[in-house]
Amino acid sequence: MKQKENQRIMLTKRLLKETLLRMLSEKDIQMIHVKDLCKEAGINRTTFYNHYGRPSDVLAEIEDELIEGIPAMEPRGKKDEQAFVKQSVLIWQYLYDNRELAKLLLRNNNSESRFAKKIFRFPVIRQALEETVSDFQDLTDKELAITFFENGGYSILRKWIVEDVSKTPEEITELFVRLLSKGCIL
């Protein structure tokens, strides 16, 4: 009985995700209400609220699933620029290969989303960002600078995917590496 319930939950969530993605192709997440999502999916609101609080929660779960599909590398030591470049290419390439989904997610992302932070939390990426600001003494300054690079990288990614900028994942990585290496120099 328990396995059947788990399967039912998985099917319900998949139906909600697929329905939300269809709706996102027509309107922004802020314009999608629980009532409309449930009607379109053919489920009642009580069922929705058993799993989510609002449509943006469904969107966040889809984002997480997309990010979980990106192959992750572990840092091998200090100043491992090759690993950083390889991880960056893996991220950009994966999102490029899944660009229709990525486009929907990035287009419907708002300032409250943690999607940018999720993308740049890979250990190799995080290590490179921390090394970039390693000479900062104040911890708050370090976190603010890392946030600057995360959001800048995210903005590049968003523009590249959403606006179909004709650059390869390698070219985007090269740009990001160049900006990181020169980002702390006036």
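Modeller: Happy to, and keep in mind that this is a predicted model. Let's begin with the lining of the largest cavity: its residues split into six nonpolar, one polar and no charged. By name they are Ser88, Ile91, Trp92, Ile119, Phe120, Ile125 and Phe176. Helix α5, which covers residues 81–97, gives the largest share of that lining, with three residues. As for volume, the largest cavity comes out at about 30 Å³. The count, taken at 30 Å³ or more, is one cavity.

Now for the packing of α5 against α8. The axes of these two helices come within 9 Å and cross at roughly 125 degrees. An angle of that kind falls between the perpendicular range, 65 to 115 degrees, and the antiparallel one, over 145, so α5 and α8 are oblique to each other. Their crossing is left-handed. On the α5 side the contact is made by Ala83, Phe84, Gln87, Ser88 and Ile91, and on the α8 side by Val124, Ile125 and Ala128. Sorted by class, this contact has six nonpolar, two polar and no charged residues.

Follow α8 onward and you get to its other partner here, α9. Helix α8 (residues 123–132) packs with helix α9 (residues 139–162) at an angle of about 125 degrees, and their axes are 9 Å apart. That makes this pair oblique as well. The crossing of α8 and α9 is right-handed, whereas that of α5 and α8 is left-handed. From α8, the residues Arg126, Leu129, Glu130 and Thr132 meet Glu143, Ile146, Phe149 and Glu150 of α9. The make-up of this contact is three nonpolar, one polar and four charged residues.

For comparison, here is one more helix pair, α4 with α6. Helix α4 (residues 55–68) and helix α6 (residues 99–107) have axes 11 Å apart and pack at an angle of about 140 degrees. With antiparallel starting over 145 degrees, α4 and α6 are therefore still oblique to each other. Their crossing is left-handed. In this contact Leu59, Ile62, Glu63 and Leu66 of α4 meet Leu101, Ala102 and Leu105 of α6. By class that gives six nonpolar, no polar and one charged residues, and Glu63 is the charged one.

Technical notes
Residues are numbered from 1 along each chain as its sequence is written. This is a predicted model: local features need pLDDT of at least 70, side-chain atom pairs count only at pLDDT 80 or more; totals for chains, interfaces and linings use all residues. Side-chain values use heavy atoms; hydrogens and water are left out. On a 1 Å grid over the protein atoms alone, a cavity is a set of points where a 1.4 Å probe fits but cannot get out, and a pocket is an open set with protein on both sides within 12 Å along at least five of seven lines; lining residues have an atom within 4 Å of a point. Grid points are joined across faces, edges and corners, and a volume is the space filled by probe spheres set on the points. Helices (H or I, at least four residues) and strands (E, at least two) are DSSP runs, numbered from the N terminus. Axes are lines fitted to C-alpha atoms, for helices over the stretch in contact, and angles run from 0 to 180 degrees between N-to-C directions. Angles under 35 degrees count as roughly parallel, over 145 as roughly antiparallel, 65 to 115 as roughly perpendicular and the rest as oblique. A crossing is left-handed if the near helix is turned anticlockwise from the far one by less than a right angle, and right-handed if clockwise. Contact means heavy atoms within 4.5 Å.
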